[in-house]
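Please open the model in a viewer and keep the sequence panel at hand.

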Amino acid sequence: MDNSTVSSILSMDSDSFERLSAYVTREYGIKLPESKKSMLESRLNKKVKTLGLSSYKEFLDFIFSEEGKKEELFHVVDLITTNKTDFFREAAHFQYLSREFLPAYKNEFGRNNLKIWSAGCSSGEEPYTIIMAMEEYKKKYPDTTYSILASDVSIRVIQTAHQAVYEIEKIDPVPVELKRNYFLRSKTNPKLVRVKPQFRNKLQFKRINFMDSNYGLMKSDYDVIFCRNVLIYFNKLTQERVIEKFCSHLKPGGLLFLGHSESTSGHIKGRVSTRPAAQPRDTN
């Protein structure tokens, strides 16, 4: 194959875009309108060239082949999925959790052993922020224990979350005292920090695709579920189905956090009511 052809900028033809878009929507629920074509090209060009292919048609033929499904398809999905996240993103949620919801939840249900699910955990900033909120909550309620499941569809970001190594600028939103309590500065690279091991060990990781019919989790088993800024990538029907699944995994009185731009309105009337910064499951 001519290397000059491989090294040139590849353009995705319409048929290839429609084929890839249909697959991603069908298998992962993510909408990919025509406006996303240039984004896909920028994310996938390097992968196409690395495989030594000269067109997106060849690329899709390969990744959808038996060999490609085993070796490359997951990596391609990793490149396509968006994983924007930050420590203390939408900070009001964590304040609401520790200052309002959990004390009232403890008083009403007497639950001290809490199970929390960070669904769509991306590179780990959200579940580690939950840990910080829970550890600070425990200072007031020391009889509390908790476990956190962190899941994502992307194996790549789960691996990053498991390592818990971040550029120091990433922890700018973290209050100074919490930085001291929960992070260690790298001894070999002053621009990197890592979550302390006693807190890294509190997370369990699992790859979960929200389009799967069964998440492999116990029903009515979680006190709190975070799934923020994920539903915006789904169509309305998929949003409804995913929210229904989340509710089936919540204990009575449990809480579902969505992003500020997301809503349960029109999806599960009578089962979820709306409060500031969160959507709790109806306990009736």
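Begin by selecting strand 3 together with strand 5 (residues 192-195): three bridges join the two, which run antiparallel. Helices (H or I, at least four residues) and strands (E, at least two) are DSSP runs numbered from the N terminus, and two strands pair if DSSP finds at least two bridges between them. Within this pairing, Y166 is placed opposite V193 of strand 5. The model is a predicted one, in which local features need pLDDT of at least 70 and side-chain atom pairs count only at pLDDT 80 or more, while totals for chains, interfaces and linings use all residues. Residues are numbered from 1 along each chain as its sequence is written, and side-chain values use heavy atoms, with hydrogens and water left out.

The three strands make up an open sheet with the order 3-5-4 and antiparallel pairing. Strand 3 (165-167) and strand 4 (183-185) are its edges, each pairing on one side only. On average, neighbouring strands in this sheet are turned by 35° against each other, direction ignored; the axes are lines fitted to C-alpha atoms, for helices over the stretch in contact, and angles run from 0 to 180 degrees between N-to-C directions.

Next, keep F183 of strand 4 and select F87, which sits in the loop between helix 6 (73-80) and helix 7 (92-109), 96 residues away. How are the rings of F87 and F183 arranged? They form an edge-to-face pair, 5.5 Å centre to centre with 85° between the planes. Rings of Phe, Tyr and Trp (its six-membered ring) pair if their centres lie within 6.5 Å; planes under 30 degrees apart count as stacked, over 60 as edge-to-face and the rest as tilted. F87 is buried, having a relative accessible area of 1%, and F183 is buried as well, at 7%. Here buried means under 20% relative accessible area, exposed over 50% and partly exposed in between (1.4 Å probe, protein chains only).

Move on to F101 and Y105. Their ring centres are 4.9 Å apart and their planes lie at 25°, so this pair is stacked. Both residues belong to helix 7, four residues apart, about one turn of the helix, and both are buried. By the ring rule the count comes to 19 aromatic pairs. A cluster linked by ring pairs can be shown by selecting F88, F94, Y96, F226 and F257.

Seven of its eight residues are buried, so strand 8 is largely enclosed by the rest of the structure. Strand 7 (residues 222-226) runs parallel to strand 8 and is joined to it by four bridges; Y222 has L250 of strand 8 as its bridge partner.

Now select helix 6. Its buried residues are L73, V76, V77, D78 and I80. These pack against helix 2 (14-28), helix 3, helix 4 (56-63), helix 5 (66-71) and helix 9 (155-163).

In helix 3 (residues 37-50), pick K47. Is K47 buried or exposed? Its relative accessibility is 18%, so K47 counts as buried. The K47 side chain makes a polar contact of 3.0 Å with the side chain of E72. A polar contact is a pair of N or O atoms within 3.5 Å; within protein, one must be able to donate a hydrogen and the other to accept it, and residues adjacent in sequence count only if both atoms are side-chain atoms. Not counting residues up to four places away in sequence, K47 touches F59, E72, H75 and L79, where contact means heavy atoms within 4.5 Å.

Continue to E136 in helix 8 (residues 125-140). E136 counts as partly exposed, at 27% relative accessibility. Leaving aside neighbours within four places in sequence, E136 is in contact with L178, N181 and Y182.

Finally, colour the whole model by pLDDT, the predictor's confidence in each residue, from 0 to 100. The mean is 87, and 89% of the residues reach 70 or more. Over residues 1-7 the pLDDT is below 50, and this stretch has ten contacts beyond near neighbours in sequence. Over residues 267-284 the pLDDT is also below 50, with 53 such contacts. With everything displayed, the protein shows twelve helices and nine strands, and 49% of its 284 residues count as buried.
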